[in-house]
Amino acid sequence: MDYRQTLDSIKSELRRGTQMVAVLSLLDRNQYGYSLLQDLIDKGVAIEAGTLYPLLRRLESQGILESRWDTSESRPRKYYTLSLDGKRLYDDLKQEWNDLVKDMDALMKGERK
Amino acid sequence: MKDWIERYTYDVARRLPEQNRAEVRRELDANIKDMLPDHPTEEDIKKALATLGHPRVLAANYRTKQRYLISPEWMDDYLQVLKIVLIVFGSIALVSGILTRMLDGTTEFSFEWIGEFVGGTIADVWNALIGAFAVVTLIFAGIEAGTKSQSVKCAWKVEDLPEVPKGNTKKISRTESILGIVLSAVFGFLWVYLLYHNQTMLTGYVDGVRFSPIFVDAAIRPYIPFFVVGAVLSIASHYVRLLSGRYTLSVATVDTVEKVFSLGLGILFLTNANLLNPAFLSDMDAVLNLGVDTLSGYIGNAATGILVLSSIGALVDIISTWVKAMKKDAPKETAK
């Protein structure tokens, strides 16, 4: 077993599930794709452009995000923000995340005893 | 600028459903231009596109559903069926390819003839393999398409579970293998001996009158070495079974080679009309009074019957041996 490789693949799997929550957490205000990407990277969320852009599109088609094109500036940009459903979804996911953290904490503390 | 951006967005979009293409291209174009400085050089553009990754991968990320010709759930069954069908169809094509060419009546062995023989047979086998592959793949793709919705895929009953095999079905008993060696040796020797002494042994007496031999000596002589090889192959096949004690891929391979060889030899032997001695036929007719044509017709029918039955038998045997050889071992607890 290549330890490094195994660790990396499990880590990226763990992070993958949290990427979407991370994206939703930053979309309570209008953001365009690239600014969101920069924002995520600044906050330590490892996500690639090739993952983020399709994810935004998927979330939009599911009605979680709303979008509008801004063509008033020299560069046209597509701005995303949480829809009403998206806000509700994010609140529920936040709750789920807190529960998860609590459960995992308890689990790992129990193991140490 | 060489339109790198346009080419990239086009390469992604062409892999997506028609109705999404225009919007995805527009989005991508905007996103890529955001990644670039105000007056980008060609290097800047290439770097930005490289961070987005291969267009194929990006397109796959845009697609919501994974698409499969044959999905992972079916892959095991697909590969197992494919292996067996390829082996069986390949062997059949090999034998029939060799036989039809040997029976085409050519007596002159030229380089062209040998070239046609080898090349034609390889082409036959190749076509059979491609055909078998296509049929199996189409059937499985059909099953895949038919069970597309998850509800169908996940619907199963506890009653559908296969039974755990009792004992180890892969085991080959030692007695069976030893018996096989003995019988192959005895009958192989007997058959060769009889053919060799055709003049005196393969004939009959009725009311003290001796018949002419059944076969034409000169015609059967060339077959004798092949029958010896057949007997040796049969002994070898049982010996391999004895050594491994269970159905393995090598057992199945040797078994297939042996069956295909014997069957091919049998077909060549039984379909050769020159082997039967006309004198034997008239001698027999003198006793039975059925007419020589009727008699030879009976013998021909009997030969065809034997051929059909043994072909089916060999085919069933080959398939079942391969199925056993590919089967996973039974769990330890039950393999007593």
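This is a predicted model: local features need pLDDT of at least 70, side-chain atom pairs count only at pLDDT 80 or more; totals for chains, interfaces and linings use all residues.
Local features are reported at pLDDT of at least 70 and side-chain atom pairs only at pLDDT 80 or more, whereas totals for chains, interfaces and linings use all residues. Residues are numbered from 1 along each chain as its sequence is written, chains are lettered from A and ligands numbered from 1 in the order in which they are written, and side-chain values use heavy atoms, leaving out hydrogens and water.

**View 1. The open sheet of chain A.** Three strands of chain A form an open sheet in the order S1-S3-S2, with antiparallel pairing. Strands are DSSP runs of E with at least two residues, and helices are runs of H or I with at least four, numbered from the N terminus; two strands pair if DSSP finds at least two bridges between them. Strands S1 (31-32) and S2 (65-70) of chain A are the edge strands, each pairing on one side only. S1(A) is joined to strand S3 (residues 77-82) of chain A by 2 bridges in the antiparallel sense. Within this part of the sheet, Tyr32(A) stands opposite Tyr79(A) of S3(A). Strands of a sheet pair through backbone hydrogen bonds.

**View 2. The interface of chain B and chain A.** Contact (heavy atoms within 4.5 Å) involves 19 residues of chain B and 17 residues of chain A. The two chains bury about 1600 Å² between them, with 53% of it on carbon and sulfur atoms. Buried area is the accessible area (1.4 Å probe) that two parts lose on being put together, summed over both. Arg26(B), Glu27(B) and Asp34(B) supply 32% of the area that chain B buries against chain A, more than any other three residues.

**View 3. Salt bridges between the chains.** Chain B and chain A are linked by 6 salt bridges, each defined as a side-chain nitrogen of Lys or Arg within 4 Å of a carboxyl oxygen of Asp or Glu. In one of them, Glu27(B) pairs with Lys78(A), the closest N and O atoms being 2.8 Å apart. Helix H2 (18-35) of chain B supplies the largest share of the side of chain B that touches chain A, 10 residues. A network of salt bridges links Arg57(A), Glu60(A), Lys78(A), Glu23(B) and Glu27(B). Another salt bridge joins Asp34(B) to Arg75(A), with the closest N and O atoms 3.9 Å apart. This pair crosses between chains, from helix H2 of chain B to the loop between S2 and S3 of chain A. Asp34(B) is buried, at 7% relative accessible area, while Arg75(A) is partly exposed at 22%; buried means under 20%, exposed over 50% and partly exposed in between (1.4 Å probe, protein chains only).

**View 4. Salt bridges within each chain.** Arg4(A) forms a salt bridge with Asp8(A), their closest N and O atoms being 3.6 Å apart. Both residues lie in helix H1 (residues 3-25) of chain A, 4 residues apart, about one turn of the helix. Asp8(A) counts as partly exposed, at 37% relative accessibility. In chain B, Arg15(B) forms a salt bridge with Asp11(B), the closest N and O atoms being 3.3 Å apart; Asp11(B) is buried, with a relative accessible area of 18%.

**View 5. The surroundings of Thr121(B).** Thr121(B) is placed in helix H6 (residues 111-146) of chain B. Its 7% relative accessibility is why Thr121(B) counts as buried. Apart from neighbours within four places in sequence, Thr121(B) is in contact with Leu94(B), Gly97(B), Ile98(B), Arg101(B) and Glu116(B).
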